[in-house]
Amino acid sequence: MGSNRVMKKEIVYKILFTISIILLVAFAVTTIIDYINYSTTLNSAPFSVFILVNVIMYILPSAILAIIGFIVKRKSNRS
């Protein structure tokens, strides 16, 4: 019973890390697409605002998931 719980925790932290990496890749792709489509004559906001929005949308959740993944991994190693 205890080993089954450890296996579930291993699956959980691997899923969390995978989602975190996917979000990082999505951040990079979205930022590159925003850069390609950015035009100073059409947009009143500087490009750094687009990057900031992408950081909030992708990097912040990615960091939260990675931290939760580290916590779950540490607890599964102790079990």
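Q: Patches are made of residues with over 30% relative accessible area and no salt bridge, joining like charges within 9 Å and nonpolar side chains (Val, Leu, Ile, Met, Phe, Trp, Tyr) within 5 Å. Which residues make the nonpolar surface patch here?
A: L52, I56, L60, I64 and I68 make a nonpolar surface patch of about 460 Å². Areas are Shrake-Rupley values with a 1.4 Å probe, and for residues only the protein chains shown count as cover. A salt bridge is a side-chain nitrogen of Lys or Arg within 4 Å of a carboxyl oxygen of Asp or Glu.

Q: What kind of model is it, and what pLDDT do local features need?
A: This is a predicted model, where local features need pLDDT of at least 70 and side-chain atom pairs count only at pLDDT 80 or more, while totals for chains, interfaces and linings use all residues. Residues are numbered from 1 along each chain as its sequence is written, and side-chain values use heavy atoms, leaving out hydrogens and water.

Q: Back to L60: where does L60 lie?
A: L60 sits in helix α2 (helices are DSSP runs of H or I, at least four residues, numbered from the N terminus). With a relative accessible area of 47%, L60 is partly exposed; buried means under 20%, exposed over 50%, and partly exposed in between, with a 1.4 Å probe and protein chains only.

Q: And N54, buried or exposed?
A: N54, also found in helix α2, is buried, at a relative accessible area of 4%.

Q: What does the side chain of N54 make a polar contact with?
A: The N54 side chain pairs with the side chain of T31 at 3.3 Å. A polar contact is two N or O atoms within 3.5 Å; within protein, one must be able to donate a hydrogen and the other to accept it, and sequence neighbours count only through side-chain atoms on both sides. Leaving aside residues up to four places away in sequence, N54 touches F27, T30, T31, D34 and I59 (heavy atoms within 4.5 Å).

Q: Switching to rings: how many aromatic pairs does the structure hold?
A: Six. Phe, Tyr and Trp rings (six-membered for Trp) pair with centres within 6.5 Å: stacked under 30 degrees between planes, edge-to-face over 60, otherwise tilted. Y13 and F17 are edge-to-face, 5.8 Å centre to centre with 70° between the planes. They are about one helical turn apart because they stand four residues apart in helix α1 (residues 2-37). Y13 is buried at 12% relative accessible area.

Q: Why is the F47 and F50 pair stacked?
A: Their planes are at 20° and their centres 6.2 Å apart, so the pair is stacked. Both lie in helix α2 (residues 47-78), three residues apart. F47 is buried at 18%, whereas F50 is partly exposed at 28%.

Q: Which residues do ring pairs link into a cluster?
A: Y35, Y38, F47 and F50.

Notes:
Helix = DSSP H or I, 4+ residues; strand = E, 2+ residues; numbered from the N terminus.
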